[in-house]
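This report describes how parts of one protein chain pack together. Please look at the sequence and the structure before reading on.

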Amino acid sequence: MMQTLAVAEVAQDGSRKDAELGVVADKTVALKVLIVEDNSFDQELILRELRRAGFDVNAALAQTPEAFAIQIRGTCPDIVLADYNLGPWRGMETVEILRREKLDVPVILVSGALGEVEAVECIKQGATDYVLKDSLARLPIAIRRALHEKQIEHERQRAQQDLARKAVELARSNQDLEQFAYVASHDLQEPLRMVAAYTQLLAEQYRAQLDEKAQRYIHYAVDGALRMQTLIQDLLTFSRCGRADMDAEVSDCNLILQRALDRLCAAIEESHAQVTHDVLPTLPVNRSQLEHVFQNLISNAIKFRGKEPPAVHISAHPEADEWKFFVRDNGIGIAPENTGMIFAVFKRLHTRSEYPGNGIGLSICKKIIEQHGGRIWVESQSEGKPSVGATFGFTLPTTRQRNGASS
Ligand SMILES: Nc1ncnc2c1ncn2[C@@H]1O[C@H](COP(=O)(O)OP(=O)(O)O)[C@@H](O)[C@H]1O
Ligand SMILES: [Mg+2]
């Protein structure tokens, strides 16, 4: 197409005013048309109709399949107008030839007589439209519509290709980033171990020769190195939980929760926490990863407790194609303005002297849940009142996901 076509006008009720599409052309539109017609009188009628409707027509003719194939290989037309019945061959063969040549050109059948049933069959087989010779005035409308639809289809395909390409790029850059985080945190561990070990050795073996100030400095250095070690280990855990494809097995979430509680038994005893739960479902999950989620959420519920001993309840509710889990506590709560940020890596709302931690637990939970094809969020009830607690919610799909853990 050499020039953009006048776009279909849409009436207020949403329907297209086809009459205006065809007859009222706001400017001359260049149109390369290949006419497949054995009757020269009909050829002339078609051309006259197109010119009358404002097309600047550049027409070529073909009367045999061979001539048709040669024509379309030469200059690809915008549109093919083919007679349905051409004596020794049929206009529908043009559709097959175009398909074979991998050319996306609309074919409109122009026929003396074509029954409804035949017309529907032709459209099913790939013709774009049909026009009867005794209503040729409809031909420009049909052409404009066909070209407009082709343009829309073309744009849709391009958008789809763009989207697919971006998804591949994103997956690759995510993979690179995860690989980088993994290698960096893995390789940083060794030199850091050296720093921590030798500063500790220095402190132990030269204690007598060092004054109080030097000892304090060494203490800071050891403390810093140990802290960085935990940070790096946490980062490693974070990057690992996105690396390899996770196995997912249909698992009893009650047993997974129980294992998380077993690991937390010291913290539960020490804080006199009450942990209760509903009967949980059986779902396709990665067991150790879901255990990690329960462990992180419950340990937070205990750590960020208020004045009362912690009371934690884990509930689960079935929805259409997923289960919703909630971990509710009676702790210090989270101000509503902070609920969005706490799932980011290293994001914390308190200093380490108030509450210990690195701020990575929730980002790991988010990664795990999203890999399972679910979502995670927090509902805060603090609203200015102290110690009303926080409720963390997450979903897990009931069926295996294509890209996540359950693939
Ligand atoms: N149950 C909770 N009650 C109140 N605040 C919470 C709770 N869980 C998480 N938070 C807030 O979210 C932050 C991030 O949590 P997390 O990623 O687990 O890191 P960490 O536990 O190391 O601080 C915490 O520092 C805390 O401010
Ligand atoms: Mg935590």
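Predicted model: local features only at pLDDT ≥ 70, side-chain atom pairs only at ≥ 80, totals over all residues.

## The helix α11

In α11, the buried residues are Gly361, Leu362, Ser363, Ile364, Cys365, Lys366, Lys367, Ile368, Ile369 and Gln371. The helix is thus described as mostly covered, with 10 of its 11 residues buried.

Which elements cover the buried residues of α11? They include α7, α10, β11 (376-380) and β12. Just after α11, the residue Gly373 has a positive phi of about 90 degrees.

## The largest nonpolar core

In soluble globular proteins, nonpolar side chains tend to be buried together. In this model, the largest nonpolar core contains 39 residues. Those with the most contacts inside this core are Val293, Phe294, Leu297, Ile298, Ala301, Val327 and Cys365. Two or more residues each come from the helices α7 (212-240), α8 (253-263), α10 (287-303) and α11 (361-371), and from the strands β8 (282-285), β9 (311-318), β10 (322-328) and β12 (390-397). The element that gives the most is α10, with 7 residues.

Leaving aside residues up to four places away in sequence, Phe294 touches Ile256, Leu257 and Ala260.

## A buried residue in a loop

Ala273 is found in the loop that joins α9 (265-271) to β7 (274-277). Is Ala273 buried or exposed? Ala273 counts as buried because 20 C-beta neighbours lie inside 10 Å, and 20 or more are required for that label.

What does Ala273 touch, apart from residues up to four places away in sequence? Its contacts are Ile268, Ile302, Pro309, Pro310 and Val312. Ala273 and Ile302 are 29 residues apart along the chain, yet their C-alpha atoms are separated by 7.1 Å.

## Confidence in the model

The average pLDDT of the chain is 86, and 89% of the residues score at least 70. Two stretches score under 50 throughout: residues 1-25 and residues 403-407. Counting contacts beyond four places in sequence, the model has 37 for residues 1-25 and 20 for residues 403-407.

How values were computed:
Residues numbered from 1 in each chain as written. Chains lettered and ligands numbered in written order. Core = buried A, V, L, I, M, F, W, Y, C linked by C-beta atoms within 7 Å. Buried ≥ 20, exposed ≤ 12 C-beta atoms within 10 Å, placed from the backbone. Helix = DSSP H or I, 4+ residues; strand = E, 2+ residues; numbered from the N terminus. Contact = placed C-beta atoms within 7 Å. pLDDT = per-residue confidence, 0-100.
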